[in-house]
Amino acid sequence: MNTNTRIAVVEDSLAFRRKLVDTLNAHPGWSVVAECANATEALREIPPARPDLVLLDILLSKSSGLDLIAPLKAQLPQVPIVAGKCVKVLFSRNEGSVVSALLQLCMQLMSFPSTGKEKMFEQHL
């Protein structure tokens, strides 16, 4: 039985993407199953990789990462997507423990059953 948490990463900066992927893969129980530099790659590679979590940069060079959320959710409705810029900023300051804490929180959230409150939260965004 595979107990790894499967993670997809969408990040246009090759240097940062490599650093993030290496850090995630070094964590016991985590495995990066897709690395994408842009929206086209993400839509092609992430759904068949069947990740448990998607980490998405919202400031991609050729498009907005925010534009990826709806098509990814349409194909992977149960998969949490963490979209933001703060992970890059924190990680680039060598605060890997902050990134680790953020990802631990994501993993904990994934283990809770849906209560319907998520929809209420999404409507206020």
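Two strands count as paired if DSSP finds at least two bridges between them, the strands themselves being DSSP runs (E, at least two residues), like the helices (H or I, at least four residues), numbered from the N terminus. The model is a predicted one, where local features need pLDDT of at least 70 and side-chain atom pairs count only at pLDDT 80 or more, while totals for chains, interfaces and linings use all residues. Residues are numbered from 1 along each chain as its sequence is written, and side-chain values use heavy atoms, with hydrogens and water left out.

Start with the sheet: it is open and parallel, with four strands in the order β2-β1-β3-β4. Because β2 (30-36) and β4 (81-84) sit at the edges with a single partner strand each, one side of each has no neighbour in the sheet. From one strand to the next, the twist averages 20 degrees. β3 and β4 pair in the parallel sense over four bridges, and Leu55 stands opposite Val82 in β4.

Now for the helices. Helix α3 (residues 66-75) packs on the sheet and touches β1, β3 and β4 (contact means heavy atoms within 4.5 Å). Its direction makes about 175 degrees with that of β4, with axes fitted to C-alpha atoms, for helices over the stretch in contact, and angles running from 0 to 180 degrees between N-to-C directions. Helix α1 (residues 14-26) lies across β1 (5-10), β2 and β3, at about 160 degrees to β2.

Finally, Asp57 belongs to strand β3 (residues 53-57). Its relative accessibility is 4%, so Asp57 counts as buried (under 20% relative accessible area; exposed is over 50%, partly exposed in between; 1.4 Å probe, protein chains only). A polar atom of the Asp57 side chain lies 3.1 Å from the backbone nitrogen of Leu59.

Notes. Polar contact = N/O pair within 3.5 Å; in protein donor to acceptor, adjacent residues only side chain to side chain.
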